Amino acid sequence: MFARWISPGSVRLTLLLWLLTVSVSLGSASELKVRVRLADGQITDALLEADSERDSITVEFKQGDGTLITFVADFKQIIYSDKDVWAQILDVKIFRALILGELERGQSQYQALCFITRLNHNEIIPSESMARLRQKNPLAIRTAEEKRSTEMLSMDVAVNLTWTWQLSTHIHNMCNVALEAVYTREADIRHWLDRGMEGSMFELQAVAVPGLQSCGTVKDLWQPCLCSYNLRLEWYPCLLKYCRNRDVSGRGSPYKCGIKSCSKGYQFTYYVPHKQLCLWEEET
């Protein structure tokens, strides 16, 4: 729906998207471009980047409606104390959506959303394995081997970007364009606080307020409501495949021999001060 509202100023938006991509991609990294078939049948180029030095993975692609989706899996974080510096695994994943705005309805050129949650074990392959990936046929159109169910996430906490470097150094670069639209979950906060994170970066939202309606049922564009945003990572390496060598004695030793690809959907529900920030709900 968004593509038809691109204005002459979309050149500036394209430049902004390029600059944001560069800011996420700084560092020593290897890249892989994969052609992926989206759920609506369109083909997109997905950029997969592995930074083994920072122990992170980035997946970025453009949806058929022009929305730019960026996903970062951050496996490692350095925690600073008064006396020492040590590494602690916090397992953070970050989603950013840059959605083209509906200019004739008073929206800006784009709307940015950022969602931060805990990265689950075995959700995606390690960064060092991603860095070694190669494809024999770059022109092949990929579809995931496994379609995982949509995960429903209630994003009931707002995030202050000032202190997010403690949680992940990627957050500020990715989410600074989202301003006040950076969210996480209370359940994830408890996990991170147990590992020494600063609690002042989080602020409870009004997701659980009784009587707060979903934006799809609200008529007044300036009424607060619960917004839902859906996205799907159509193709990413989720698991390593292992094969087994046999020696003369018949004993086998396992070795990595490929990857399994997955597709996974996410539905984020969060508070907005007025429906004007959730116009896509009118079309669902």
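In this predicted model, Glu60 stands opposite Thr70 in strand E4. E3 and E4 form a hairpin with five residues between them.

How many of the seven residues of strand E4 (residues 68–74) are buried? The count is seven of the seven, so E4 is largely enclosed by the rest of the structure. In a regular strand the side chains alternate between the two faces of the sheet. In E4, Leu68, Thr70, Val72 and Asp74 lie on one side, while Ile69, Phe71 and Ala73 lie on the other. Both faces are covered, and the residues on each of them are all buried.

E4 also pairs with E7, in the antiparallel sense, over seven bridges. Within that pairing, Phe71 has Phe95 in E7 as its bridge partner.

**From E7 to E8 and E12**

Strand E7 (residues 92–100) in turn is joined to E8 by nine bridges, and these two strands run antiparallel. Here Arg96 stands opposite Cys114 in E8. E8 pairs with strand E12 (residues 182–184) as well, this time in the parallel sense and over two bridges. Cys114 stands opposite Val182 in E12.

Is E8 largely enclosed or largely open? Seven of the nine residues of E8 are buried, so the strand is largely enclosed by the rest of the structure.

**The disulfides**

A disulfide is a covalent bond between the sulfur atoms of two cysteines. The protein has five disulfides. Counting bonded cysteines along the chain, they follow the pattern 1-2, 3-4, 5-10, 6-9, 7-8.

| Disulfide | S to S distance | Torsion about the S-S bond |
|---|---|---|
| Cys114 and Cys175 | 2.0 Å | about -75° |
| Cys238 and Cys262 | 2.0 Å | 60° |
| Cys243 and Cys257 | 2.1 Å | 80° |

The torsion of the Cys114 and Cys175 bond is about -75°, so this disulfide is left-handed. Cys114 lies in strand E8 (residues 110–118) and Cys175 in helix H3 (residues 170–175), so the pair ties together parts that are 61 residues apart in sequence. Cys114 and Cys175 are both buried.

The link of Cys238 and Cys262 is right-handed. This pair links distant parts of the chain, with Cys238 in strand E14 (residues 225–246) and Cys262 in strand E15 (residues 252–272), 24 residues apart. Cys238 has a relative accessible area of 1% and is therefore buried. Cys262 is buried too, because its relative accessible area is 0%.

The link of Cys243 and Cys257 is right-handed. Cys243 lies in E14 and Cys257 in E15, so the pair ties together parts that are 14 residues apart in sequence. Are these two cysteines buried or partly exposed? Cys243 has 31% relative accessibility and so counts as partly exposed. Cys257, at 33%, also counts as partly exposed.

**The nonpolar core**

In soluble globular proteins, nonpolar side chains tend to be buried together. The largest nonpolar core of this protein has 71 residues. Which of its members touch the most other members? They are Ile94, Phe115, Ile116, Ile124, Tyr229, Leu233 and Tyr270. E14 gives the most to this core, with eight residues.

Tyr229 shows which parts of the chain meet here. Leaving out residues up to four places away in sequence, Tyr229 touches Gln63, Thr67, Ile69, Ala97, Ile99, Leu113, Phe115, Tyr266, Gln267, Phe268, Tyr270 and Trp280.

**The whole chain**

The protein has four helices and 15 strands. Of its 284 residues, 49% are buried. Among contacts with a separation of 6 or more, 69% are between residues 24 or more positions apart. The protein exposes about 14600 Å², of which carbon and sulfur atoms supply 52%.

The mean pLDDT is 82, and 80% of the residues reach 70 or more. Over residues 1–27, however, pLDDT stays under 50. For that stretch the model has 45 contacts beyond four places in sequence.

Definitions and conventions
Residues are numbered from 1 along each chain as its sequence is written. Side-chain values use heavy atoms; hydrogens and water are left out. Buried means under 20% relative accessible area, exposed over 50%, partly exposed in between (1.4 Å probe, protein chains only). Contact means heavy atoms within 4.5 Å. Accessible areas come from the Shrake-Rupley method with a 1.4 Å probe; for residues, only the protein chains shown count as cover. A disulfide is a pair of cysteine sulfur atoms within 2.5 Å. A nonpolar core is a set of buried Ala, Val, Leu, Ile, Met, Phe, Trp, Tyr and Cys residues joined through side-chain atoms within 4.5 Å. Two strands pair if DSSP finds at least two bridges between them. pLDDT is the predictor's confidence in each residue, from 0 to 100.
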